[in-house]
Amino acid sequence: MRRFIGRHGRGVLGLIIAALVLVAAVAAPLLVAQDPLQSDFAVGLKPPGTPGHPLGTDQLGRDLLARVLYGARVAHFIGLCCVLLTAVVGGLAGLLAGYYEGWLGAVVMRVADVQLSFPFILLALTINAIVGLGLRNIIVSLSVAGWVVYARVVRGEVLSVKEREFVHAARALGLGRARLLLRHILPNVAPSIVIVGSLQFAQFIVAEAAISFLGFGVQPPTPAWGSMLSESRDYLYVAWWLAAFPGAALAVTALGINLVGDWLRDVLDPKFRV
Amino acid sequence: MTRFTTLLTALAVLFGLAASAPAQDRARAKEVVVAFAAEPRTLLPNTIVDWTTNSQIEHIYDRLVDRDPKTYKPMPMLATGWKIVNDTTWEFALRQGVKFHNGEPFNAQSVKATMDYIKDPANKTHYLPRWSQVKEIQIVNDYTVRFITEKPWPGLLDRISESTDFLPMPPKALKDQGPQALLAKPVGTGPFKFVQWVRDERLVLERNPDYWQGAPELNRVTFRYIPEFSARLSALLAGEIDIMKDVPPHAVEMVDRSGKGKVRATVSSRINYLALVNLKPGPLQDVRVRKAIGHSVNVDELIQQVLKGRASKMCGPLSPLNVDYTPGIECLKHDLSRAQALFKEAGVDPTKLQLTLDTPSGRYPLDKDISLAIAAQLQRVGIKTNVVVNEWGTHLDKIKNRTTGDMFYLGWGPALSAQNTIEQLFQASQTYSSYGGNKVIDAKIAQAVTIVDPKKRLEAWADLQRVVQDEAPWVFLWQQHDLYGVASWVEWNPRADEKVWMYEAKLAR
């Protein structure tokens, strides 16, 4: 048991944090009675510990605990959607590019190379400026900016897997290409997809916060950690809690998920490097 | 206050102490640092309509006619007097013995050259349409000029003194070297001379010892650019700057207690309003729906709770500071049952209404917070309001291109005359209007601007204020209060017309 904890301590810690945050996000309506949008100007900017408002209130008298918890929902929803979208699109692109090394693979990989030469957040911001504001559009822009990582990783895996003997054997038995790709190659690259996904998940959440912080992305009054942090700047001198709690929530969430990601990488594939 | 806040303040003060040496040096050298949100978009006067730009230019160039800092009535500056000669002719007597910074004398040629500059389409100035009424400038003698207008224009004096609409330029330099030379090295008659403009960083001016009103007390004025007001506030508390605009209401007490400076407040002539756009299809075409929204917004609550009392409520389109203001217009009361009745009458179910509200962020005192608070108030009658926060340039473009949502938040000022507000904002043909297409209002405005008799003119504008108010084109909000943070060693008080003029700044005794 001690050995297990020793080897997997960080993973367990990460799992606990991630699970707690996830539960908080999913069960937000059960955990707090207040509506995160319900404002009562008369009780604005109350410090933590105020009766009925354990984390205090913001400038419009909205309950900060409710906003932080519902913010977790928004963050996880965006993170999850982006990971699923990029995993499907990027994974498929990588699968095809790896299997068909000819012009198809070349085209996909050159597109990916061009995209990788731009910083991720800059690219996401640019796409966001084109498609517009809002929850749906932030998911779209993060996904468009983020699929290449999957494509690169999966293609690399496919290139080695497809030369393995069982693939040759399957092909010799006359299996169709679709079946070969999905039943024999995909399961062998799946661990990589999971690892990339878990690491990307945290990145998406942080990127979404950054973009919302800049005023793009999720629009008020929807509670999002990034825009809450941005709004808190105007009140930093009189209400520290407005910045502290959303900031801590973001940091803890990212930490938890990253610990899980690292642990998964060690367990599933010690050689793997993103 | 909590311990953390105390700690934060203590840190700020500590950093302030560390950095206070330069502030003392500045006091000794009589050099004031003013922080604005943005640098000037040009240093050419009479070119771009933008408060930030012209507030800086005004230190170098003088107005022809100023406003009295107390009564806001037109007051002689480079012009010493004026009279109406006939319906289409204004005559101005000019001050003698005034010199531009390059030694050129100020005279009638300067006034004419300035109007020629504005009228030349090649210069692309924003002021061209604002002076379209003026046909020509006649030089009577060296120190007397006449403005000849197309139609009777009694509002000319308000236009010339309202803002920075006419800042005389040096005629010889303008002719010989062209506007580009004046852009690179501005030459005016003002209290300060141009020294240096480092783009995106600072503009430095020095005292004009030969200023015609007497040399300013300050030796140097430096403008610095800090877009975020929280950063401006930190800079003030750290002693890096001496004057800043827009201290947030909730931070006033903290600045006053900091020992670094004091907040100087003034009721501004700038008005803030929520436009209910009728220039695009939607439920707000119906005056009953607009009025119902007006009844749903609780203006007093916004002033008390969000702005901490730092605003003066308005009931109609003009504030009491406006020379054409008429008293006695009744406010649309906060009355939810009246609102429901009006919604019913108009056949609109407020719980099915989805509206969009465009707001800037950081341009006016707590603009975004107000917009969010209004959305929350509308939520109480069931209206779902989607708040879109825009970057300032985008916000203006949306208004100009009529691509805002159903409502938008805006400030307007300095608003000292009716023509500059009612003519500009309630006709579909105007750049920044949100409301228009009302033939009665259009006709009344066209008539009002040409009435020469002061009493009849006032009556015409009073009538228009009532008609406009009854149309509920806006949710009428308030005059904003301008809160300036001023370092302890500087004695300076803000003005309602938003002129930030360091000639009036002195060393604190």
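Let us step back and see where Leu276(B) sits. Together with Leu274(B), Leu276(B) has the most contacts inside the largest nonpolar core, which has 125 residues. Chain A takes part in this core as well: its helix H3, covering residues 64-99, supplies the largest share, 16 residues. Another core, of 71 residues, lies apart from that one, and Val65(B), Leu182(B), Ala238(B) and Val247(B) are among its members.

Next, look at where the two chains touch. Here 20 residues of chain A are in contact with 22 residues of chain B. On the chain A side, 13 of the residues are nonpolar, 5 are polar and 2 are charged.

Now for some details of the backbone. Most residues other than glycine have a negative phi, and most peptide bonds are trans. With that in mind, return to Ala472(B), whose phi is positive, about 45°, although this residue is not a glycine. Ala472(B) lies in the chain B loop between helix H17 (454-471) and strand E17 (474-487). Is Ala472(B) buried or exposed? Ala472(B) is buried, because 22 other C-beta atoms lie within 10 Å, and 20 or more are enough to count as buried.

Tyr72(B) is not a glycine either, and has a positive phi of about 65°. You will find Tyr72(B) in the loop of chain B between strand E2 (65-67) and strand E3 (74-76). Tyr72(B) has 19 C-beta neighbours inside 10 Å, so this residue counts as partly exposed.

A cis peptide bond is also waiting for you in chain B. The bond joins Gly413(B) and Pro414(B), with omega about -5°. Pro414(B) belongs to the loop between strand E16 (407-412) and helix H15 (418-425) of chain B.

Finally, how confident is the prediction? Chain B has a mean pLDDT of 91, and 96% of its residues reach 70 or more. Over residues 13-20 of chain B, though, pLDDT stays under 50, and the model has 10 contacts beyond four places in sequence for this stretch. Where pLDDT is low, the predicted coordinates should not be read in detail. The model as a whole scores ipTM 0.72 and pTM 0.81.

Terms used: Residues are numbered from 1 along each chain as its sequence is written. Chains are lettered from A and ligands numbered from 1 in the order in which they are written. This is a predicted model: local features need pLDDT of at least 70, side-chain atom pairs count only at pLDDT 80 or more; totals for chains, interfaces and linings use all residues. Two residues are in contact if their C-beta atoms, placed from the backbone, lie within 7 Å. Ala, Val, Leu, Ile, Met, Phe, Trp, Tyr, Cys and Pro count as nonpolar, Asp, Glu, Lys and Arg as charged, and the others, Gly among them, as polar. A nonpolar core is a set of buried Ala, Val, Leu, Ile, Met, Phe, Trp, Tyr and Cys residues joined through C-beta atoms within 7 Å. A residue is buried if 20 or more other C-beta atoms lie within 10 Å of its own, exposed if 12 or fewer, and partly exposed in between; C-beta atoms are placed from the backbone. Helices (H or I, at least four residues) and strands (E, at least two) are DSSP runs, numbered from the N terminus. pLDDT is the predictor's confidence in each residue, from 0 to 100.
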